[in-house]
Amino acid sequence: MWGDEIDIAARVLSWATDRLTRQPDPHSTAQRADILRLEAGTTITGDGIGAESALDVFDRVLAPATRAQADPLNLAYIPNAPTQAAIAFDIAASAANVFAGYWESGAGAIHAENEALGWIRELLGWPTTAGGTFVAGGTSGNLSALHAARTHAWNRLGERPQGGWAIACAASAHSSIRSAARVLDVDVIELPTSNDGRLTGQGLADALAARPGLFAVVASAGSTNAGIVDDLASLSKACVELDIWLHVDGAYGGAALAAPSVRHLFSGIENANSFIVDPHKWLFAPYDSCALLYRDTQLAKNAHSQTAHYLDNVDREQTNPSDLAIQLSRRARGLPFWFSLATHGTKKYSTAVEISLTNARQVADYINGSNHLSLVAEPMLSIVLFEVPGWSDDDYQAWSSTQSQNGRILCIPTKWEGRTVLRLAFVNPRTDATTVTQILDEIADWPVH
Ligand SMILES: *Cc1c(COP(=O)(O)O)cnc(C)c1O
């Protein structure tokens, strides 16, 4: 009925191969909507414009208007640095078009995803009975985990507590935690941190006494702004004693569990109840993918299993990914990560994560040794915050946008304790620290306004 199936497949795959093997990534940047409308023209028509034209518009107009993420000097937000193996296999996973919600339809793909999750489970030091699934991102991972935690608390208490439900976290917790709290209609209790900015177990008993509906503590294993790992040892101890669910948000920093040089920072994580890490951040997978793990998958099933007569025949003896998160239909989005991990092996993954940590330390050392820059704090993981003494907010903004417009480095200001500072996030093993320090060296000659 459609006509040109084979032809389309060949053309699109050839575009994909070309894009995948072109090095370096083509220069690309966002474009205004009115310009795109003009340059792309009308694409949705009654008769269709045909594959050749549609692909041409994508190649010529649309793809160049999307930023290539894996540029080694993209050090803003949390960048993305997938292996070629992972991107290539994303194409294969798409071609296989698996329904990976239930074991009975996606067994092979789910098995592979579980193998990859098994590596993370081992890094966490969790029992083999733990399990999980891949969701679209840390935002849905955090929401899914907190919904499981609240359901568990609700089932035990049997009713909504006086004063309602609440979670506790540090101010540095990711914005998606507050977003999850709004969706779940629970309050957020902001706990104080120690001098080095870490959430600790201290004060948790007081918070619980003040708020009996406190059902989960969210710890960051690598805060997004500064890469701070909360004090998981004291937190997990307090949570076990007080019988509160500990959720660890490692969307960015969880990858460093694989890095021996910083593994000690995560000690205590073996007692957490749920955990997320985004392979699309520091585990070299393409968008989008978040690994969500539970110590006890039954508690996740209690919260997430969907029931309806048309699902009565689903085999629930199996652990089905759809029963573990807010999702029913799902692609096997863990497959690119699995393929890359299987291809390269876990040792190479450890090495690649260590490279970013080394880059961060090298740049921090350079800043410490320089006369014109000042380090905010020693980096705990691979995020470096620094100041340029004498600069106004406008100076930071002007320097950052000039660098970005010139396509030199993507380094964007953030705030630290109320002050504007610059931020570098290292996750790409192809980033060369010396190139970065050369660029930072030139700041000495930047005209202050
Ligand atoms: C990025 C991030 C998130 C959100 O993850 P998405 O994949 O962008 O939804 C949550 N927590 C932390 C610590 C993050 O760095």
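## Aromatic pairs and cavities

Trp119, Phe134, Phe284, Phe337 and Tyr349 come together in one aromatic cluster. The model is predicted, so local features need pLDDT of at least 70 and side-chain atom pairs count only at pLDDT 80 or more, while totals for chains, interfaces and linings use all residues. Residues are numbered from 1 along each chain as its sequence is written, and side-chain values use heavy atoms, with hydrogens and water left out.

Rings of Phe, Tyr and Trp (its six-membered ring) pair if their centres lie within 6.5 Å; planes under 30 degrees apart are stacked, over 60 edge-to-face, and the rest tilted. By this rule there are 15 aromatic pairs. One of them joins Phe89 and Trp338 edge-to-face, at 5.8 Å centre to centre and 65° between the planes. Phe89 sits in helix α4 (residues 84-96) and Trp338 in helix α12 (residues 335-344), so this pair ties together parts 249 residues apart in sequence. Helices (H or I, at least four residues) and strands (E, at least two) are DSSP runs, numbered from the N terminus. Trp338 is partly exposed, with a relative accessible area of 26%.

Trp165 and Phe215 also pair edge-to-face: their ring centres are 5.8 Å apart and their planes stand at 85°. Trp165 lies in the loop between α6 (138-157) and β2 (166-169), and Phe215 in strand β4 (residues 214-220), 50 residues apart. Both Trp165 and Phe215 are buried. Buried means under 20% relative accessible area and exposed over 50%, with partly exposed in between (1.4 Å probe, protein chains only).

Now the cavities. On a 1 Å grid over the protein atoms alone, a cavity is a set of points where a 1.4 Å probe fits but cannot get out; lining residues have an atom within 4 Å of a point. Grid points are joined across faces, edges and corners, and a volume is the space filled by probe spheres set on the points. The whole structure has 2 cavities of 30 Å³ or more.

| Cavity | Volume | Lining by class |
|---|---|---|
| Largest | about 50 Å³ | 2 nonpolar, 5 polar and 2 charged residues |

Ala, Val, Leu, Ile, Met, Phe, Trp, Tyr, Cys and Pro count as nonpolar, Asp, Glu, Lys and Arg as charged, and the others, Gly among them, as polar. The lining of the largest cavity includes His174, Asp249, Tyr252 and Lys281. Trp119, Ile120, Leu123 and Phe275 are among the residues lining the second largest cavity. Here α5 (103-124) and β6 (274-277) each supply at least two lining residues. α5 gives the most, with 3 residues.

Methods. On a 1 Å grid over the protein atoms alone, a cavity is a set of points where a 1.4 Å probe fits but cannot get out, and a pocket is an open set with protein on both sides within 12 Å along at least five of seven lines; lining residues have an atom within 4 Å of a point.
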